[in-house]
Amino acid sequence: MKTSATSSPILEVRDLYKTYRLPRRQELKAVDGVSFSVMPGEVLGVVGESGCGKSSLGRCLLRLAPATSGQIVFERGDITHLPERTLRPLRQRMQMVFQDSYASLNPRRRIGDLLAEPLKVHPDAKGRKRSSAEITTRLHELMELVSLPITALARYPHEFSGGQRQRINIARALALSPRLIIADEPVSALDVSVQAQIINLFADLQKQLGLTYIFVAHDLAVVRQISNRVAVMYLGRIVEIGDTDSVLHTPAHPYTAALTAAIPRPVTGLARPVPLQGDVPSPINRPSGCRFHTRCPYVQTRCKQEDPALHAIHPNGHEVACHFPL
Amino acid sequence: MPANMSSQALLDVRDLRVSFPARGQMIPIVDGVSFTLNHQEILGLVGESGSGKSVTALALMGLIDAAGVQVTGSVRFQGQELIGMPQKKLRYLRGKEIAMIFQDPMTAFTPVYTIGWQIDEQIRAHERVSRKQARTRTVKLLGDMGVPDPERTANRYPHQLSGGLRQRAMIAMALSCNPSLLIADEPTTALDVTVQAQILELIRSLRDTHHSSVLLITHDMGVVAETCDNTMVLYSGRVAEYGPTPALFASPSHPYTAGLLASIPPLDGPRPLRLPAIAGSPPLPQNRPAGCAFSPRCQYAHTACTIALPPYVQTGADHFAACVLPQEGKPLPPRLSDATAQEHFQP
C-alpha cells in the first residue's frame, strides 16, 4: 500500500541494540544496531533464521524488554525510556500476537472475560470507564471481526482448535483499536490448511481497519503473502530491506538469495540449488567484518575485515548491507 | 539379504489399525492404513497434526506400549510379521534393521554421555566388536554424515553441538548398524531452512550410496516434493491419496491433497490476493463423520460422500485416491502443467 510522502512514520527505530549479559563476562548481542521506519498502513515482514534477533526486536519495540541503547519513536514520541505509567496509555495503540496461542490465554478464564480485561483496564477515548453494556457491544463486534460465534465468549480456551485460539488472540489484540500490531510467528504453530485462514484474516483486518503490522516470521512464503516490505535479519542485524517483490525476486544480499533458494517448493522436477554450508555462527562470538562472510559463497578479503553498512541500491528504497551486492 | 528377496517389497503394511482407549471406548487413531515400501525408496508420509502419521511410525516399530492400546492388521518387514512379534525379537530388529530418527535430536540423545559413547554403545549392542573397533566405525560414520572433525566431535556432549550437527550425529547413530529401513519423523522441522537443505541432501544420498529405504514423515509439502519418490497423504488416520510424487503434485486426485497444496502461500510467481484456504479444521478421531472424513470441509461433497467410506480407486500409474469423484467421472483438474511449474520457479 502506498502512503503519501507527507505522512510521518508510525514507528521509527534508530540504531537499536539489545545485549544480554551472560556468565563469564560474555555478551549476546541479540539486536546489533537496527534502524528502520514503518509508515502507517504498511505491513513490514521481518524474516530470519532462529537466533537472528527477530523476536528480541519485536519485544524491544513494544518495551516488553528494555533496549540496551538506541531510540524507538512511536507516533512521533520517543518511547525508549518512558516510565511505565506514561507508557501505559500508549499500549492501547500497539499490541502483540504471539506464536503459542494456548500459552497466551489463561486456561481458567472464559473467552469473554479474557477479552473484556483490556476494556476494563483502559478508559475509553474520552477518558471514561466503559460501562458493561459498552463492553458487551465491543465483545460482539470483536467476535464478528474474527469470524467466531458469539457463543464462544462463554467458553474456555481448551475448547477451541489452534486456529480458533489464534483468532481469539487476534480479537484481544484488536480490543482497544490499536494502530500497530506486532505479530511474532503468529501462524507457524498452525497446520497449513488453517494457516491460510489466519493469514487471510490478518490481511482482511489490515485493509478493513487500516492497521500497521510488523510481521515477524521465519517462513518467507508467509511473509511474502502478507507484507509490502520485507527486512531480512542475520545475527542481529538487518542485512537487506525493501519492497517485498524487489527483495525476494531480485535479492541483493547473498544471504537473502541463499535463503529463498533453500526453501523447498511444493513442485517436483526443479533443479536443486547448492545448499549453503555450515550453521549460523553463535551470536555470542559473531564473525568479524561482515557477519555472513563465514558462509558466503562470494566472500573476499574486504568482507572479513570491514562490516558493511546498510545502503540504498535502488531509488525504490531497496537497501542492502553487502560490499559486493548481487 | 538373499538375492531372491529384492523383488519383494521391504515393508508391506496391510490394514493397520491402532486404537487407544478413552472413556470406555476404543478410538481408532490410525484407521486402516495400507502401503508398501520398496528397496531404495523414499516414501513421504504427509498429513497435518493429528492425522496419525507419527502413530503409524511408532506402530511399525512396535513402540506403542500404552495400556489397552490395540494394534491390528499386518506389517511384514522382509517377509516377517512384526505385529505380535515378541518384544525380544523386535528389539533385535530395532536399531539393527529398522532405525528411527526424531524431530528433536536433543531429547533422543542422553545429555550425560558423549555423542561417540552413545553411537559406540549402539554398535556394540548389536555386534560383537571391541570398543576400539566401534569407535573407528563411529568416527567414520560421523565423517560420512558431513560432521567436521569427527574424532573430536565424537568426544563432545550433545549440548555442545549445533542443531544441524546433532541431527547429523543422530542420523549417524541410526545408520550405525546399516539398517535397511530408516524411519525419519519430521527430521528437519526443528532446523533452519539453510540447514534443512543440507539434511535433506544427506537423506537423498542415503538412498543412493547406502541403498537404504526411508519412510519420511513430514507436514511440509515442499520437503516431500524435493525428497520423496512416492507420497502418501493421511487425513484423520486414513490414507487419502498415494502416488508417485511427480504425479501426485502435478495432478492431485483427492480434494484434500489439492486443497492442501493450494493453501500454501507461493514463493514465486504472482501473489494471490487471498489464499485458497480449506474451511474448518480436521475432525477429532472420536468425532469422525460417517463416510469420508474430509466431507464436511470438501467443496465437492455430496450425498454419496456421507453414506459410506469412499472407495480406494486407481487414478493413474500406481496412483490411488480414497474419493468417489474419479469413479463418478469427475476427476479434479490438474494443478500444474510442466510449463507453469518452470515459470513458477523462474519469475
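Predicted model: local features only at pLDDT ≥ 70, side-chain atom pairs only at ≥ 80, totals over all residues.
Author: The radius of gyration is taken over C-alpha atoms, and the globule rule sets it at 2.2 Å times the number of residues to the power 0.38. Residues are numbered from 1 along each chain as its sequence is written, while chains are lettered from A and ligands numbered from 1 in the order in which they are written.

Reader: What is the radius of gyration of chain A?

Author: Chain A has 326 residues, and for that number a compact globule would have a radius near 20 Å. The C-alpha atoms fill a box of roughly 70 × 50 × 45 Å along the principal axes. The value for chain A agrees with the globule figure: 21 Å.

Reader: What radius of gyration does chain B have?

Author: Helices (H or I, at least four residues) and strands (E, at least two) are DSSP runs numbered from the N terminus, and chain B has 13 helices and 12 strands. For its 347 residues the globule rule gives 20 Å, and the value of chain B is close to that, so chain B is as compact as a globular protein of that length. Its radius of gyration is 21 Å.

Reader: Which element of chain A has the lowest mean pLDDT?

Author: Chain A averages a pLDDT of 92, and 98% of the residues score at least 70. Over residues 1-5 of chain A, however, the pLDDT is below 50. Among the elements of chain A, strand 12 (residues 319-320) has the highest mean, 97, and the lowest, 90, belongs to helix 2 (residues 84-91).

Reader: What share of the residues of chain A counts as buried?

Author: A residue is buried if 20 or more other C-beta atoms lie within 10 Å of its own, exposed if 12 or fewer, and partly exposed in between, with C-beta atoms placed from the backbone. In chain B, buried residues make up 46% of the 347 residues. For the 326 residues of chain A, the share is 45%.

Reader: Which residues have the most contacts inside the largest nonpolar core?

Author: A nonpolar core is a set of buried Ala, Val, Leu, Ile, Met, Phe, Trp, Tyr and Cys residues joined through C-beta atoms within 7 Å. The largest one has 189 residues, and those with the most contacts inside it are Val232(A) and Leu216(B).

Reader: Which domains of chain B does this core lie between?

Author: Domain bounds come from an automatic or database domain assignment. Two domains of chain B both give residues to the core, so it lies between them. They are domain 1 (105-178) and domain 2 (235-267 + 276-345).

Reader: Which residues does Thr256(A) touch, leaving out those up to four places away in sequence?

Author: Two residues are in contact if their C-beta atoms, placed from the backbone, lie within 7 Å. Thr256(A) sits in helix 9 of chain A and is buried, because 24 other C-beta atoms lie within 10 Å. With the residues up to four places away not counted, Thr256(A) touches Val232(A), Glu240(A), Val247(A) and Pro251(A).

Reader: Which helix of chain A gives the most residues to the side that touches chain B?

Author: The contact takes 35 residues from chain A and 40 residues from chain B. Helix 6 (192-209), helix 7 (220-226) and helix 9 (254-262) of chain A each supply at least two residues of that side. The most, 7 residues, come from helix 6.

Reader: How many nonpolar residues are on the side of chain A that touches chain B?

Author: Ala, Val, Leu, Ile, Met, Phe, Trp, Tyr, Cys and Pro count as nonpolar, Asp, Glu, Lys and Arg as charged, and the others, Gly among them, as polar. On this side of chain A, 11 residues are polar and 6 are charged. The number of nonpolar residues is 18.

Reader: Is Asp318(B) buried or exposed?

Author: Asp318(B) lies in the loop between strand 11 (312-316) and strand 12 (319-322) of chain B. Its phi is positive, about 55 degrees, although it is not a glycine. Since 10 other C-beta atoms lie within 10 Å, Asp318(B) is exposed.

Methods: pLDDT = per-residue confidence, 0-100.
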